[in-house]
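I opened my notebook today to look up how the parts of this structure meet. Here is what I jotted down, entry by entry.

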Number of protein chains: 2
Amino acid sequence: MKMRQTAEGTARPAGRPRSEKAEKAIVDATLDLLGEGIGVAELSIESIAARAGVGKTTIYRRWSNKEDLVVDALATLKPPIPPLAGLSVRDDLVTYLRVLRDESCHQRTRCIMNIAMSHSDRHPRLAERFREIALEPRRAALRGVLRRGMETGELRADLDEEMAMAILSGAMMWYTRWNRSGPEPPEDVAERIVDEALLGFRSHSPAAPPPMP
Amino acid sequence: MKMRQTAEGTARPAGRPRSEKAEKAIVDATLDLLGEGIGVAELSIESIAARAGVGKTTIYRRWSNKEDLVVDALATLKPPIPPLAGLSVRDDLVTYLRVLRDESCHQRTRCIMNIAMSHSDRHPRLAERFREIALEPRRAALRGVLRRGMETGELRADLDEEMAMAILSGAMMWYTRWNRSGPEPPEDVAERIVDEALLGFRSHSPAAPPPMP
DNA sequence: AGATTTCGATACGAGAGAGTTTCGCAACGG
DNA sequence: CCGTTGCGAAACTCTCTCGTATCGAAATCT
């Protein structure tokens with residue numbers, strides 16, 4: 001029996017243990033390169049090894065192909081979700097969208113978002129994983145804000161959550177991507193999107209039914 | 001002087017004229033391959049030549065590099081804009097978004113949209129051209145609908161056109177891309193987006209000011 | 001000490017594709 | 001008919017990358 005039991009009780013093989021530092025360097029290098037705009041197709045194992053200061057062997061020993069590596073690399077991204085417990089739904093939504101806006105100015109975020117989006121068709125695993133780790137937590141946070149608003153009456157009780165989220169996130173994405181008024185989206189996009197949307201999301205006072213044109 | 005004057009007065013060089021059929025075949029083959037999900041990076045000149053039944057020479061004689069070819073290929077796309085002169089703003093908006101929804105089911109449209117989006121950073125020329133030829137005409141049509149609505153009073157007079165377009169298009173894009181309730185977006189996304197948005201866009205009757213929470 | 005495994009470095013063969021050139025034929029103008 | 005240019009096909013040289021193998025050194029266990 002050549003194993004030894006670690007504190008956690010997991011079996012450990014004999015020989016030199018794998019370097020966690022190398023593993024981290026590989027993942028970081030991958031994200032770096034992707035963040036510089038290199039597509040998954042152009043991304044070469046050799047360039048990753050060079051950037052990470054690591055032998056190719058060390059990469060192949062861990063991942064059998066490029067897609068696996070990219071998937072794992074994306075999986076390490078922990079999306080910093082801002083704390084959303086402001087005074088009003090409007091405040092929380094603005095806070096949330098402001099994060100999206102600010103991120104859209106970062107090369108790295110843009111590139112990684114591009115990759116996730118453009119590979120959703122041909123590499124379902126990658127897209128699925130990305131959705132799980134990067135999108136869903138945020139969606140949950142946003143959903144929480146909307147539900148809170150619907151309970152307090154700040155939002156219509158019959159509001160379609162999914163649709164509201166699509167409108168908010170989608171508007172920001174469309175705006176940051178296709179609006180070419182300048183290099184960056186305007187300072188106040190977040191407020192403007194939220195206010196525009198809230199006019200529809202906000203519950204209407206019973207004395208003021210929507211007009212019939 | 002070895003030129004001859006064509007009807008249009010343009011000079012024409014001696015020798016065999018370039019084949020328009022070959023040119024079209026090349027562009028078509030390029031769009032075909034891109035539409036099958038092949039990224040610009042993986043797209044090889046040789047595969048284009050093979051698909052088009054054409055020699056590589058014939059391609060290199062016209063385009064000096066791959067990006068130029070892709071740009072020109074995308075430029076041949078004529079987005080079919082549906083006639084928007086319905087009875088109401090709502091009808092027109094639904095018609096418009098329905099086109100987007102239906103297109104999102106087509107592999108080809110998805111792939112080409114992916115390419116345009118994911119290359120907006122690294123290949124500004126490509127993205128710019130795509131915006132001109134594919135996006136702007138549609139934006140203009142959509143803008144027309146909104147303006148008409150603002151004039152007739154069906155929409156708020158102070159509506160932010162750009163924001164409204166971002167909300168409508170963005171919501172549809174977000175929904176078709178990230179909503180994984182099924183392979184396709186639900187049948188009635190268009191109506192639901194429009195109705196949700198209109199609740200905000202629609203002008204409020206003077207007797208019914210928005211509530212102050 | 002000895003066994004075992006990983007480390008980074010380097011070399012290797014195989015394959016794909018780029019971009020160029022050549023070839024024989026076709027299409028056009030004069 | 002002749003010069004010019006385009007055509008498709010093929011061969012060619014280069015470069016890049018993959019994936020594997022090999023090396024001596026290092027790290028860890030027994």
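Entry 1: I sorted the residues of the surface near DNA strand C and got eight nonpolar, ten polar and ten charged. My classes: Ala, Val, Leu, Ile, Met, Phe, Trp, Tyr, Cys and Pro are nonpolar, Asp, Glu, Lys and Arg are charged, and the others, Gly among them, are polar. At least two residues each come from α3 (56-60) of chain A and from α2 (45-52) and α3 (56-60) of chain B. Helices here are DSSP runs (H or I, at least four residues), numbered from the N terminus.

**Entry 2: how I read the model.** This is a predicted model, where local features need pLDDT of at least 70 and side-chain atom pairs pLDDT 80 or more, while totals for chains, interfaces and linings use all residues. Residues are numbered from 1 along each chain as its sequence is written, with chains lettered from A and ligands numbered from 1 in the order written.

**Entry 3: chain A meets chain B.** How many residues does the contact take from each chain? I noted 40 residues from chain A and 40 residues from chain B, counting C-beta atoms, placed from the backbone, within 7 Å. On the side of chain A, α8(A) gives the most, with eleven residues. That side has 19 nonpolar, ten polar and eleven charged residues.

Definitions and conventions. Contact = placed C-beta atoms within 7 Å.
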